[in-house]
Structure formats: structure tokens, C-alpha cells
Amino acid sequence: QVQLVESGGGSVQAGGSLRLSCVVSGNKFRRYYMAWFRQAPGKAREGVAGISPVGGSTSYADSVKGRFTISQDNTKNTLYLQMNSLRPEDTANYYCAARGTWFPDMAWALEYEYDSWGQGTQVTVSS
């Protein structure tokens with residue numbers, strides 16, 4: 001397992017942008033499949049975006065495609081989520097997560113497959 005610390009959440013008006021960061025402890029960052037999840041009040045946690053450690057292949061939930069971009073900087077052990085054109089329905093607590101086992105074409109948004117989680121950062125989008 002690794003330790004994950006998110007930052008960058010806040011309040012923004014609809015149409016605005018935010019960039020979330022997740023710093024990963026340890027020196028095994030490049031071995032983990034990383035993802036962002038979110039959970040809105042009264043709703044189940046859902047996968048937002050994922051990125052593979054080899055080749056940087058990305059996956060997105062349909063609701064955020066074309067608006068959000070996941071990326072990582074291996075030199076800084078940091079995962080990012082650039083969120084543009086934010087909508088009120090994007091309001092949620094956002095979590096980064098890491099899993100040590102992964103394979104191409106896997107179902108990346110299964111939260112029970114992730115070994116490590118951050119504490120979350122709140123994103124609030126007002127209309």
C-alpha cells in the first residue's frame with residue numbers, strides 16, 4: 001500500500017475549472033494503476049478517471065469525457081485531475097486511489113479492487 005494525499009478542491013461556479021492533485025508516498029508510484037473516484041451526498045462512489053502506469057493509457061466515465069483529464073508526473077509522484085467546464089452535478093468529494101494489480105482492458109472503476117485511498121477533497125460547483 002501507499003499513502004495518498006489529495007488537494008486542490010474548492011468552490012467554483014458552473015463552467016469553471018479546478019485541478020486536483022494527489023501526492024503518492026513511497027517509490028513504487030510507477031507500479032500502480034491510479035484513479036480518481038467521487039462520491040456525492042446520498043450516492044454511491046463512482047469512478048471518474050483512471051491511468052495505467054505503463055504507457056499512460058487513460059479511461060474516463062462517460063459523464064466527464066471531454067471535460068476532465070487525468071495525468072501523472074512520475075518525477076513528482078503526483079497524480080492530477082484537470083476539471084474543465086464544471087457542472088453542478090460534478091459536486092462531490094473526490095478521492096484518488098491506487099491498485100497494485102492491473103492488466104490491459106480491465107474494469108478500472110471497481111472500487112473494491114483498489115488497495116489505497118486518499119482522504120478526499122471536496123469540490124462544489126454552484127449554478
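## A serine in a loop

In this predicted model, serine 85 has a relative accessible area of 39% and is therefore partly exposed. Serine 85 belongs to the loop between β8 and β9. Its phi is near 50°, a positive value in a residue other than glycine. Most residues other than glycine have a negative phi.

A positive phi is also found at asparagine 77, again near 50° in a residue other than glycine. Asparagine 77 sits in the loop between β7 and β8. With a relative accessible area of 18%, asparagine 77 is buried, because buried means under 20% relative accessible area.

## The overall fold

The protein contains eleven strands and zero helices. Its pattern along the sequence is accordingly written β-β-β-β-β-β-β-β-β-β-β. The radius of gyration is 14 Å, close to the 14 Å that the globule rule gives for 127 residues, so the protein is as compact as a globular protein of that length. The C-alpha trace spans about 40 × 25 × 25 Å along its principal axes.

Of the 127 residues, 45% are buried. Among contacts between residues at least 6 apart in sequence, 60% join residues at least 24 apart. The accessible surface comes to about 6500 Å², and carbon and sulfur atoms account for 46% of that surface. The side chains include 12 positive and 10 negative ones, and the centres of these two sets lie 5 Å apart.

## The nonpolar interior

In soluble globular proteins, nonpolar side chains tend to be buried together. Which residues have the most contacts inside the largest nonpolar core? They are Met34, Trp36, Leu81, Met83 and Tyr94, in a core of 29 residues. Two or more residues of this core come from each of β3 (18–24), β4 (33–39), β5 (46–51), β7 (68–73), β8 (78–83), β9 (92–99) and β11 (121–126). A second, separate core has seven residues, including Tyr33, Ala35, Phe37 and Met106.

Apart from neighbours within four places in sequence, leucine 81 is in contact with Leu18, Arg19, Leu20, Trp36, Val48, Ala49, Phe68, Thr69, Ile70 and Tyr94. Trp36 and Tyr94, both in this list, are also among the residues with the most contacts inside the core.

## Individual positions

| Residue | Relative accessible area | State |
|---|---|---|
| Valine 24 | 3% | buried |
| Arginine 67 | 8% | buried |
| Glutamate 46 | 34% | partly exposed |
| Serine 63 | 35% | partly exposed |

Valine 24 is part of strand β3. With residues up to four places away in sequence left out, valine 24 touches Val2, Gln3, Leu4, Phe29, Met34 and Asn77. One of these partners, Met34, is among the residues with the most contacts inside the largest core, while Asn77 is the loop residue between β7 and β8 described above. Valine 24 and glutamine 3 are 21 residues apart in sequence, yet their C-alpha atoms are 5.8 Å apart in space.

Arginine 67 lies in the loop between β6 (58–60) and β7. Where does arginine 67 make contact beyond its neighbours within four places in sequence? It is in contact with Gln82, Met83, Asn84, Ser85, Leu86, Arg87 and Asp90.

Glutamate 46 has its place in strand β5. Beyond four places in sequence, glutamate 46 is in contact with Trp36, Phe37 and Arg38. Of these partners, Trp36 is listed for the largest core, whereas Phe37 is included in the second core. The C-alpha atoms of glutamate 46 and alanine 61 are 8.6 Å apart, with the two residues 15 places apart in sequence.

Serine 63 is found in the loop between β6 and β7. Not counting residues up to four places away in sequence, serine 63 touches Arg38 and Arg87. Serine 63 and glycine 47 are 16 residues apart in sequence and 10 Å apart in space, C-alpha to C-alpha.

Notes:
Residues are numbered from 1 along each chain as its sequence is written. This is a predicted model: local features need pLDDT of at least 70, side-chain atom pairs count only at pLDDT 80 or more; totals for chains, interfaces and linings use all residues. Side-chain values use heavy atoms; hydrogens and water are left out. A nonpolar core is a set of buried Ala, Val, Leu, Ile, Met, Phe, Trp, Tyr and Cys residues joined through side-chain atoms within 4.5 Å. Buried means under 20% relative accessible area, exposed over 50%, partly exposed in between (1.4 Å probe, protein chains only). Helices (H or I, at least four residues) and strands (E, at least two) are DSSP runs, numbered from the N terminus. Contact means heavy atoms within 4.5 Å. The radius of gyration is taken over C-alpha atoms; the globule rule is 2.2 Å times the number of residues to the power 0.38. Accessible areas come from the Shrake-Rupley method with a 1.4 Å probe; for residues, only the protein chains shown count as cover. Lys and Arg count as positive and Asp and Glu as negative; His and the chain ends are not counted. The place of a charge is taken as NZ of Lys, CZ of Arg, CG of Asp or CD of Glu.
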